[in-house]
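I opened this entry to record what I looked up on strand pairing, nonpolar cores and salt bridges.

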Amino acid sequence: GFICTREGLVFKTENRGIQWTKTRLPLGNRIPIDYNPGFPVHAIRFISDERGIVVFYFSKPRGFIIFETIDGGKSWRESVLPGRNAPSLGSVYLSRDGNTLVIYDVNSESIFRYRRKSELKRRP
């Protein structure tokens with residue numbers, strides 16, 4: 001199992017929660033959202049022990065960032081949502097296979113759907 005905290009800590013257990021290991025997302029100087037208006041503003045999905053995706057919302061600079069790992073969290077690659085009209089704040093859902101991200105933007109009352117074009121590959 002995996003858990004991600006608002007501070008960008010990712011915890012992993014391999015024995016049903018008896019012991020946990022910790023890694024940190026490379027948040028840099030970005031400031032995570034400091035309140036939760038009642039819905040999830042980040043999502044975490046590990047497809048395997050090595051391949052994982054975390055979607056995180058920041059208040060400064062404002063917006064969603066996607067973090068991906070292919071080595072179990074030792075290193076992370078980040079990307080932003082494509083397009084000009086990205087959601088500004090909303091409830092997040094990440095599909096089981098990690099290829100579809102859906103965000104309900106509470107400000108515009110719109111649903112944004114993003115589909116991965118290609119899977120992140122392990123670097124040689």
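I take two strands as paired if DSSP finds at least two bridges between them. The model is a predicted one.

Sheet. I looked up strand 9 and strand 10 and found them paired in the antiparallel sense over five bridges. Within this pairing, Ser 91 stands opposite Tyr 104 of strand 10. I then noted an open sheet of three strands, ordered 9-10-11 with antiparallel pairing. Strand 9 and strand 11 are its edges, each pairing on one side only. From one strand to the next, the twist averages 15°.

Cores. The largest nonpolar core has 14 residues, and I listed Val 55, Phe 64, Leu 81, Val 92, Leu 101 and Ile 103 as touching the most other members. At least two residues each come from strand 6, strand 7, strand 9, strand 10 and strand 11. Strand 6 supplies the largest share, three residues. Apart from this core I found another, of 11 residues, including Val 10, Leu 25, Val 54 and Phe 58.

Salt bridges. How many salt bridges does a search of the whole structure find? I recorded three.
- Arg 30 and Glu 78 meet at 2.6 Å, N to O. Arg 30 lies in the loop between strand 3 and strand 4 and Glu 78 in strand 8, so the pair ties together parts 48 residues apart in sequence. Arg 30 is buried at 18% relative accessibility, whereas Glu 78 is partly exposed at 37%.
- Glu 14 and Lys 12 have their closest N and O atoms 3.0 Å apart. Glu 14 is exposed at 63%; Lys 12 is buried at 17%.
- Glu 68 and Arg 77 meet at 3.4 Å, N to O. I noted Glu 68 as buried at 5% and Arg 77 as partly exposed at 37%.

Technical notes
Residues numbered from 1 in each chain as written. Predicted model: local features only at pLDDT ≥ 70, side-chain atom pairs only at ≥ 80, totals over all residues. Heavy atoms only, no water. Core = buried A, V, L, I, M, F, W, Y, C linked by side-chain atoms within 4.5 Å. Buried < 20%, exposed > 50% of the residue type's maximum accessible area, 1.4 Å probe, protein only. Helix = DSSP H or I, 4+ residues; strand = E, 2+ residues; numbered from the N terminus. Axes fitted to C-alpha atoms, helices over the stretch in contact; angles between N-to-C directions. Salt bridge = Lys/Arg side-chain N within 4 Å of Asp/Glu carboxyl O.
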